[in-house]
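Have the sequence and the model open as you read.

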Amino acid sequence: MKAVILLSGGLDSSTVLYQARADGCECYAISFDYQQRHRRELQSAMFVAQSVGVVQHQIVNFDLRLWGGSALTDEAIALPQARSLDEMSQSIPVTYVPARNTIFLSFALGYAETIGAQRVYIGVNALDYSGYPDCRPDYIQAMQEVFRLGTKQGREGQPIDILAPLINLKKTEIIQLGNQLDVPWELTWSCYAGVDQACGVCDSCRLRLAAFAQLGLQDPVDYL
């Protein structure tokens with residue numbers, strides 16, 4: 001069974017790639033260079049894809065800085081730093097990129113239908129403190145209907161399935177799953193700010209570090 005996996009190089013998407021392999025899928029990875037502030041993640045995506053031995057790894061280039069609207073695509077918007085988990089949970093943060101997962105899934109759908117894949121895997125998580133609107137179950141359900149109605153495969157009764165295996169897991173549970181799957185955490189990258197070392201203070205770093213700490217584990221990534 002062929003599967004396209006959205007791979008950012010982060011903790012969640014890397015776990016999903018390893019889960020797809022464990023599910024017996026022939027893995028095709030797709031990553032996105034949208035001129036994000038944290039383009040360093042693409043290096044990790046390549047390393048993680050190589051560690052699995054994917055059939056192909058596509059990196060799609062486009063520029064979401066054209067209209068900004070997010071701290072990840074507009075340098076004028078400051079990244080949140082040193083926030084508590086409670087502060088992160090209060091509202092959708094400025095690191096939300098408008099329509100990002102819709103754009104990503106559209107590319108993944110085109111790729112999947114072209115190669116005759118039966119699945120698209122995405123590492124969204126509804127329990128993450130960031131609470132992005134395009135990481136929630138109702139959004140994935142709606143996109144599944146788009147996949148069914150908007151493709152030849154779907155109209156012929158063989159829709160491409162969207163799998164979001166992490167959507168209802170806590171970050172600690174994702175790390176535990178990744179450990180079972182032997183995900184190489186040292187190759188992954190979650191930081192929104194760092195280049196050679198993770199900053200340790202952005203929301204993404206703090207969520208990751210907190211989860212490892214709760215499990216009594218050491219995150220092998222190098223932090224400032």
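In this predicted model, the buried residues of helix 4 pack against strand 1 (2-6), strand 2 (26-33), strand 3 (56-61) and strand 4 (119-121). They also pack against helix 5 (137-149) and helix 6 (152-155).

**Helix 4: buried residues and length**
- The buried residues of helix 4 are Arg100, Asn101, Phe104, Leu105, Ala108, Leu109, Tyr111, Ala112 and Ile115.
- In an α-helix, residues three or four places apart point the same way, because each turn takes 3.6 residues.
- Helix 4 covers residues 100-115, which is 16 residues.
- At 1.5 Å a residue, helix 4 should span 22 Å; its end C-alpha atoms lie 23 Å apart, so the two values agree.

**Helix 4 against helix 5**
- The two axes come within 12 Å and cross at roughly 35 degrees.
- The crossing of helix 4 and helix 5 is right-handed.
- Helix 4 contributes Asn101, Thr102, Leu105 and Leu109 to the contact. Helix 5 contributes Tyr139, Met143 and Phe147.
- Of these contact residues, five are nonpolar, two are polar and none is charged.

**Glutamine 58**
- Glutamine 58 sits in strand 3.
- Its relative accessibility is 35%, so glutamine 58 counts as partly exposed.
- Leaving aside residues up to four places away in sequence, glutamine 58 touches Ala29, Ile30, Ser31 and Tyr111.
- Methionine 46 is twelve residues from glutamine 58 along the chain, and their C-alpha atoms are 9.6 Å apart.

Terms used. Residues numbered from 1 in each chain as written. Predicted model: local features only at pLDDT ≥ 70, side-chain atom pairs only at ≥ 80, totals over all residues. Heavy atoms only, no water. Helix = DSSP H or I, 4+ residues; strand = E, 2+ residues; numbered from the N terminus. Expected span 1.5 Å × (residues − 1). Buried < 20%, exposed > 50% of the residue type's maximum accessible area, 1.4 Å probe, protein only. Contact = heavy atoms within 4.5 Å. Axes fitted to C-alpha atoms, helices over the stretch in contact; angles between N-to-C directions. Left-handed = near helix turned anticlockwise from the far one by under 90°. Nonpolar A, V, L, I, M, F, W, Y, C, P; charged D, E, K, R; others polar.
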